Amino acid sequence: MISILSTLRIALRALWVNKMRSSLTMLGIIIGVSAVIIMLAVGTGASQKISEQISSIGSNLLIVVPGSSTQGGIRMGGGSQSTLTKDDADAIQKECSSVSVVAPMHNGSAQVVYGNQNWSTSIQGTTPGILEVKDCGLTAGRNMTDQDVRNANKVCLLGQTVVDNLFGSMDPIGQIIRIKKIPFMVIGVLESKGQSLVGQDQDDTIIIPLTTAQKKIFGTTFPGMVRSIMVKAKSAEDLTIAERQVNDLLRQRHRMGPTKEDDFTVRNLTQMLQMAETATNIMTLLLGAIASVSLLVGGIGIMNIMLVSVTERTREIGIRMAVGAKTWDIRVQFIIEALTLSLIGGIVGIIIGAGGSAILSAVVGWPTVVSPLSILLSFGFSGLVGIFFGFYPAYKASLLNPIDALRFE
Amino acid sequence: MALIETQKLAKFYDVGEEGVQALADVSVKIDHGEFVAIMGHSGSGKSTFMNIIGCLDQPTSGQYLLDGTNIGGLSRDELAKIRNQKIGFVFQGFNLLSRTSAVENVEIPLLYNHIPAKERKRRSLLALKTLGLEGREYHHPNQLSGGQQQRVAIARALVNEAPILMADEPTGNLDTKTSIEIMELLVQLNRDTHTTIILVTHEPDIAAFSKRIIQFTDGRVISDKEVIKS
């Protein structure tokens with residue numbers, strides 16, 4: 001076989017001679033490749049956003065809420081019963097082997113005041129474990145301690161939104177704010193988490209010790225009552241085991257017979273979000289597949305043009321054969337020509353696709369991510385298209401009889 | 001040993017109801033360094049004969065030995081290799097690649113003989129120079145006269161140092177003066193480099209430049225004699 005470089009020069013010349021035809025053929029590939037890139041970018045952007053949200057609520061998370069209560073035939077909503085206690089939370093922490101951290105929650109909302117500023121926000125009474133459960137760090141100050149919880153100390157951790165609204169640019173650490181007129185000392189500021197999946201501001205919150213919330217802010221119907229318990233499993237694989245362990249332990253602790261309905265519900269938040277992620281991934285694939293169809297059509301365009309080219313250049317093929325071109329010399333020449341068309345089209349398509357994705361993000365505001373994988377994939381795919389659709393014309397050309405090809409008019 | 005030896009070569013074309021017997025029973029020997037003209041009217045089988053001994057076409061029956069090798073059993077690629085290394089072609093219609101410079105046209109056989117680019121260029125320029133085409137190396141065929149185009153084609157046929165040059169009506173598209181120039185070039189080539197030349201023509205004037213004339217009629221050799229130069 002003759003050298004690829006020489007063949008490439010022949011191919012480029014042949015394509016250059018028919019500039020209009022070559023660029024129109026390339027256009028098919030350009031549209032196909034840029035469509036694939038943009039579709040994958042939109043899909044990847046969406047699933048990346050969901051992944052971010054999964055990590056913002058904390059990973060491997062279970063939430064235990066009380067079951068619904070029935071009063072005089074009227075069923076109340078989930079969580080209306082008061083059946084969970086801090087002791088339940090402690091027992092889960094102690095006895096469930098697949099659980100790493102537990103945070104009992106007693107929350108509500110309240111008006112908070114600092115100086116002449118005031119703000120209404122959600123108050124979460126909980127234990128120090130909450131930061132680990134939510135995969136949340138502090139940007140300033142310290143976490144509360146078990147001591148704070150035992151003594152029902154009046155300390156609090158502020159979310160960024162609360163800091164912005166009460167303090168502006170001032171340093172809040174060590175300041176005293178009033179929650180329902182009770183003074184609390186600010187000991188830390190939470191890392192920003194942004195919006196939740198449903199658009200709720202996760203930074204608009206204040207964390208205080210559980211006992212303080214129970215005794216001084218919201219009160220309880222019975223001592224030790226909590227509204228929910230957040231449970232973090234040791235790993236993603238442990239999540240379902242942890243769910244079962246929590247379920248079994250709570251049934252046992254609440255003395256439920258085998259026929260009795262649970263008086264609590266264990267929700268697997270991570271699983272819900274993962275399902276959403278799976279759905280977006282399927283969507284991405286689907287979009288990519290639809291876009292691939294246009295790439296396929298572009299490939300057929302290449303085949304069409306190459307077939308025309310073979311017919312037009314029958315004489316050239318005859319001359320080359322007469323002076324010693326072998327079967328594969330001819331084949332490689334036409335395959336390289338098809339490949340050049342599709343790869344140049346592919347590169348231009350990638351550039352347009354990346355640019356289009358950026359424009360889409362900027363103008364429509366969709367999150368798009370052009371991953372190196374999608375670039376590699378569409379480049380490789382356009383190369384394959386070139387080889388696949390170039391092969392038949394090349395094969396046809398190589399089988400010509402030299403003398404017939406020479407005589408062709 | 002003869003360079004070219006055919007035994008009872010026959011070619012039958014399967015066209016129409018009856019088919020055409022283009023060649024029948026052709027047994028010819030051509031030695032190294034000969035200058036042979038193959039003559040005949042159109043349809044006499046002379047071109048078919050040249051295509052077969054030029055390894056461009058296959059006989060229906062009979063044997064063809066080139067340099068002692070039986071061509072009959074060879075594959076397409078083996079034939080391509082023989083055409084590349086042993087035979088140079090010159091055609092009536094020149095058969096140069098359009099939109100390709102003279103030097104690049106001459107390079108093509110070297111390309112398929114895996115000669116490095118630099119060497120290809122050197123040899124091609126040299127071949128063009130030998131044929132008096134200095135200064136025209138980068139002209140495209142449509143910028144050259146018929147005689148110049150035919151010289152480029154001859155340069156292409158010679159560049160790979162093939163021992164045989166086959167010319168099918170090389171002067172068919174040229175005026176008398178240019179025809180004589182081209183023929184004198186071939187005579188000189190045959191004399192100086194001992195290249196075996198096989199010329200197909202229907203013009204006695206052109207055939208007269210050769211040393212031996214083989215006459216074809218209806219696919220058969222009817223005469224084969226030396227040219228007596230006066």
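Student: Why is Lys232(A) called buried?

Tutor: Lys232(A) has 9% relative accessibility. Buried means under 20% relative accessible area, exposed over 50%, and partly exposed in between (1.4 Å probe, protein chains only). At 9%, Lys232(A) therefore counts as buried. The model is a predicted one, in which local features need pLDDT of at least 70 and side-chain atom pairs count only at pLDDT 80 or more, while totals for chains, interfaces and linings use all residues. Residues are numbered from 1 along each chain as its sequence is written, chains are lettered from A and ligands numbered from 1 in the order in which they are written, and side-chain values use heavy atoms, with hydrogens and water left out.

Student: What makes Asp135(A) and Lys232(A) a salt bridge?

Tutor: The closest N and O atoms of Asp135(A) and Lys232(A) are 3.0 Å apart. A salt bridge requires a side-chain nitrogen of Lys or Arg within 4 Å of a carboxyl oxygen of Asp or Glu, so the pair qualifies. Helices (H or I, at least four residues) and strands (E, at least two) are DSSP runs, numbered from the N terminus.

Student: What makes Glu107(B) and Arg120(B) a salt bridge, and which elements does the pair tie together?

Tutor: The side chains of Glu107(B) and Arg120(B) meet at 3.5 Å, N to O, in a salt bridge. Glu107(B) belongs to helix α3 (residues 102–111) and Arg120(B) to helix α4 (residues 117–130) of chain B, so parts 13 residues apart in sequence are tied together. Both Glu107(B) and Arg120(B) are buried.

Student: Which residues form a further salt bridge within chain B, and where do they lie?

Tutor: Asp57(B) and Lys11(B) do, at 3.4 Å, N to O. Asp57(B) lies in the loop between α1 (46–53) and β4 (61–66) of chain B and Lys11(B) in strand β1 of chain B, 46 residues apart, so distant parts of the chain are linked. Asp57(B) and Lys11(B) are both buried. The count over all chains is 20 salt bridges.

Student: How do you know that Arg9(A) and Glu104(B) form a salt bridge?

Tutor: The closest N and O atoms of Arg9(A) and Glu104(B) are 3.1 Å apart. Elements α1 (4–17), α10 (314–322), α11 (327–363) and α13 (402–407) of chain A each supply at least two residues of the side that touches chain B. The largest share of that side, 6 residues, comes from α10(A). Between chain A and chain B the count is 2 salt bridges.

Student: How many residues are in contact across the two chains, and what area is buried?

Tutor: With contact meaning heavy atoms within 4.5 Å, 28 residues of chain A are in contact with 24 residues of chain B. The two chains bury about 2,400 Å² between them, 53% of it on carbon and sulfur atoms. Ile319(A), Val323(A) and Lys326(A) supply 23% of the area that chain A buries against chain B, more than any other three residues. Buried area is the accessible area (1.4 Å probe) that two parts lose on being put together, summed over both.

Student: What makes the aromatic pair of Tyr114(A) and Phe167(A) tilted?

Tutor: The search of the whole structure finds 6 aromatic pairs over all chains. Tyr114(A) and Phe167(A) are 4.2 Å apart, centre to centre, with 40 degrees between the planes. Rings of Phe, Tyr and Trp (its six-membered ring) pair if their centres lie within 6.5 Å; planes under 30 degrees apart count as stacked, over 60 as edge-to-face and the rest as tilted. At 40 degrees, the pair is therefore tilted. Tyr114(A) and Phe167(A) are both buried.
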